Amino acid sequence: MDIKMLYTSRLHLRKFKVKDIDELYKYRNNQECAKYQEWEDTSREYLTQFIEDNKLKQIEDDEIQLAIALKDTDELVGDVYIAKKGKTITLGFTTSPTYQRKGYMYEMLHELISYLWRIYSDYEICGLVHPENDASMRLMEKLGFHKEELIEEWNSQVYVRYNQ
């Protein structure tokens, strides 16, 4: 199944496009958005290369970063990181401050988790959340994840969900 076919009522998941650079740059350099992330480089040059590199990746690869966009206008809302190792899929996510508190990330992650389990039914899915990011911790719990442990060296609270 092609990831570009993943739609919700308001959103779709797709590969990044060159036209995303302005919004991506804007939220990756927003202090409120970045305080729970550990991005090493947020320059336009780096993000332009990031977009190009992720265009070549597929959902079957060990890791991929995908854009979340509004279905009607194709505007970038945020992004999701998917990494696979062993029988574990790790998710990371960011919502642009412009689009926070509208339920977009819940909507897309709910659909994405169902999609991933159709392909990887015997995997566990986990999320790593900064221990001070209350909104993301509530989101993980709303999505049915259970708090497992705090990994101090990663500065992350681990949330896990198993396929039922």
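Colleague: Which helices and strands each supply at least two residues of the lining of the largest pocket?

Modeller: Happy to start there, keeping in mind that this is a predicted model. The largest pocket holds about 1,600 Å³ of space. Of the 48 residues that line this pocket, the closest to its centre are Y36, Q37, G92, F93 and T94. The elements that each supply at least two lining residues are α2 (31–34), α3 (44–55), β2 (63–70), β3, β4, α4, β5 and α5 (134–142).

Colleague: Let's turn to β4. Is T90 in this strand buried or exposed?

Modeller: In a regular strand, side chains alternate between the two faces of the sheet. On one side of β4 are T88, T90, G92 and T94, and on the other are I89, L91, F93 and T95. Both of these faces are covered, and eight of the eight residues in the strand, which spans 88–95, are buried. T90 is therefore buried, as buried means under 20% relative accessible area and T90 is listed among the buried residues.

Colleague: Good. Which residue of β4 is the bridge partner of V80?

Modeller: Strand β3 covers residues 76–85 and runs antiparallel to β4, with eight bridges joining the two. They form a hairpin with two residues between the strands, and G86 in that turn has a positive phi of about 60 degrees. The bridge partner of V80 in β4 is F93.

Colleague: And on the β5 side, which residue stands opposite L91?

Modeller: Here the strands run parallel, and four bridges join β4 to β5 (residues 124–129). With helix α4 (residues 104–119), these two strands make a right-handed β-α-β unit. The residue of β5 opposite L91 is G127.

Colleague: How far does α4 reach from its first C-alpha to its last?

Modeller: The helix has 16 residues, and at 1.5 Å a residue the expected reach is 22 Å. The model comes close to that, with a reach of 23 Å.

Colleague: Is E107 buried or exposed?

Modeller: E107 lies in helix α4, where the buried residues also include Y104, M108 and W117. Its C-alpha atom is separated by 9.6 Å from that of L143, 36 residues apart along the chain. The relative accessible area of E107 is 15%, so the residue is buried.

Colleague: What about R101, buried or exposed?

Modeller: R101 is found in the loop between β4 and α4. Its phi is near 65 degrees, a positive value in a residue other than glycine. Because its relative accessible area is 71%, R101 is exposed.

Colleague: N155 has a positive phi too, I see. At what relative accessibility does N155 stand?

Modeller: N155 has a phi of about 55 degrees although it is not a glycine. This residue is found in the loop between β6 (146–151) and β7 (156–162). N155 counts as partly exposed because its relative accessibility is 33%.

Colleague: Last one: which strand gives the most to the lining of the second largest pocket?

Modeller: About 170 Å³ of space lies in this pocket, and its lining includes A83, K84, K85, T88, T90 and W154. Six of the lining residues are nonpolar, two polar and two charged. With three residues, the strand that gives the most is β3.

Key
Residues are numbered from 1 along each chain as its sequence is written. This is a predicted model: local features need pLDDT of at least 70, side-chain atom pairs count only at pLDDT 80 or more; totals for chains, interfaces and linings use all residues. Side-chain values use heavy atoms; hydrogens and water are left out. Buried means under 20% relative accessible area, exposed over 50%, partly exposed in between (1.4 Å probe, protein chains only). Two strands pair if DSSP finds at least two bridges between them. A crossover is right-handed if, with the strands pointing away from the viewer, the path from the first strand over the helix to the second runs clockwise. The expected span of a helix is 1.5 Å times one less than its number of residues. On a 1 Å grid over the protein atoms alone, a cavity is a set of points where a 1.4 Å probe fits but cannot get out, and a pocket is an open set with protein on both sides within 12 Å along at least five of seven lines; lining residues have an atom within 4 Å of a point. Grid points are joined across faces, edges and corners, and a volume is the space filled by probe spheres set on the points. Ala, Val, Leu, Ile, Met, Phe, Trp, Tyr, Cys and Pro count as nonpolar, Asp, Glu, Lys and Arg as charged, and the others, Gly among them, as polar.
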